[in-house]
Amino acid sequence: MRTTTIGDVRILLPDLDPGDLDSVTDLADNLTEALVEGASWRGAQLDDNSIRGSRISGGDLSGSTWEAGSIYGCEITRTDFSGATLTGLTVERCAFTGSRFTGARLTGVRLKDVLFDGCRFDYATFRRVSAAGSVAFTDCTLTHGTWSTCRLPRIALRSCDLAGLELDSCKLDGADLRGSRIHGLKTPLENLSGVTLAEHQLPDLTRLAVDALGLTVPND
């Protein structure tokens with residue numbers, strides 16, 4: 001069993017041996033213990049597909065539509081999900097590294113023991129995305145995205161760029177935002193109830209409060 005710790009969040013990760021995986025290029029209904037490198041499934045229509053115990057590198061799932069199904073015990077590296085629509089998907093014990101979700105739409109996605117490291121979620125939309133276990137985003141770009149009615153308590157958002165991210169009716173209590181850029185974050189203050197910040201982030205939090213409360217602070 002392989003684990004990593006981000007702040008106070010401990011995540012179970014897949015522990016795959018490439019020698020035990022079978023090289024695959026075609027996207028079947030279900031993939032198990034597959035090694036996929038540089039495959040293009042651009043615009044694919046996936047319905048209740050599952051991928052288990054597999055490693056995907058340099059893949060292209062941009063513009064794809066994936067309803068239901070699951071991703072379990074997988075390592076996904078430098079894979080493009082730009083413009084993808086992911087609905088009702090369960091993602092568990094997975095590591096996403098250097099992957100792109102620009103403009104992707106995630107609805108009703110359930111996350112458990114998932115690490116996103118160095119990924120791009122700019123202009124992405126999260127609706128009713130929930131964390132059923134440990135989840136961490138590290139060095140990710142989440143600028144100009146929208147999170148609506150998400151339940152993501154105690155997640156880690158470390159060293160991420162949140163500028164322009166809009167939060168609406170989200171539950172983030174206990175989330176760790178230390179090291180992340182919150183300048184330009186667009187959110188009612190209640191969405192940040194119970195989060196953990198570093199001291200150097202307090203001026204940006206103050207600016208959020210001033211804007212949210214419509215305060216006037218003259219420069220005398």
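The overall dimensions of the model are described below, followed by the surroundings of selected residues.

The structure is a predicted model, and its secondary structure consists of 1 helix and 21 strands. The radius of gyration of the protein is 18 Å, close to the 17 Å that the globule rule gives for 220 residues, so the protein is as compact as a globular protein of that length. Along the principal axes, the C-alpha atoms occupy a box of roughly 70 × 35 × 25 Å. Of the 220 residues, 47% count as buried, and the accessible surface of the protein amounts to about 10400 Å², with 43% of that area belonging to carbon and sulfur atoms. When contacts between residues at least 6 apart in sequence are considered, 11% of them join residues at least 24 apart. With regard to charge, the protein carries 22 positive and 30 negative side chains, and the centres of these two sets lie 3 Å apart.

Thr 90 belongs to strand S13, which spans residues 90-97, and with a relative accessibility of 26% Thr 90 counts as partly exposed. When neighbours within four places in sequence are left aside, the contacts of Thr 90 are with Gly 69, Ser 70, Ile 71 and Arg 110. Gly 164, which is 74 residues from Thr 90 along the chain, has its C-alpha atom 27 Å from that of Thr 90. Thr 107 is part of strand S14, covering residues 105-107; its relative accessible area is 15%, and because this value falls under the 20% cut-off, Thr 107 is classed as buried. Once residues up to four places away in sequence are excluded, Thr 107 touches Leu 86, Thr 87 and Gly 88, together with Arg 127 and Arg 128.

Ser 134 is found in a loop, between strand S17 (130-131) and strand S18 (135-138). Its relative accessible area is 23%, so that Ser 134 lies between the limits of 20% and 50% and is partly exposed. Apart from neighbours within four places in sequence, Ser 134 is in contact with Val 9, Arg 10 and Ile 11, and also with Lys 112, Asp 113 and Val 114. For Arg 10, a specific approach can be given, in that the side chain of Ser 134 reaches the backbone oxygen of Arg 10 at 2.9 Å. Ser 134 and Asp 8, although 126 residues apart in sequence, have their C-alpha atoms 9.8 Å apart in space.

Backbone geometry was considered for two further loop residues. Tyr 123, which is not a glycine, has a positive phi of about 60°, and this residue is placed in the loop between strand S15 (110-117) and strand S16 (125-127). The relative accessible area of Tyr 123 is 51%, and because this value is over the 50% cut-off, Tyr 123 is classed as exposed. Thr 149, likewise a residue other than glycine, has a positive phi near 50° and lies in the loop between strand S19 (146-148) and strand S20 (156-158). With a relative accessible area of 35%, Thr 149 is partly exposed.

How values were computed. Residues numbered from 1 in each chain as written. Predicted model: local features only at pLDDT ≥ 70, side-chain atom pairs only at ≥ 80, totals over all residues. Heavy atoms only, no water. Helix = DSSP H or I, 4+ residues; strand = E, 2+ residues; numbered from the N terminus. Rg over C-alpha atoms; globule rule 2.2 N^0.38 Å. Buried < 20%, exposed > 50% of the residue type's maximum accessible area, 1.4 Å probe, protein only. Contact = heavy atoms within 4.5 Å. Areas by Shrake-Rupley, 256 points an atom, 1.4 Å probe, with all protein chains shown as cover. Lys, Arg positive; Asp, Glu negative; His and termini not counted. Charge placed at Lys NZ, Arg CZ, Asp CG, Glu CD. Polar contact = N/O pair within 3.5 Å; in protein donor to acceptor, adjacent residues only side chain to side chain.
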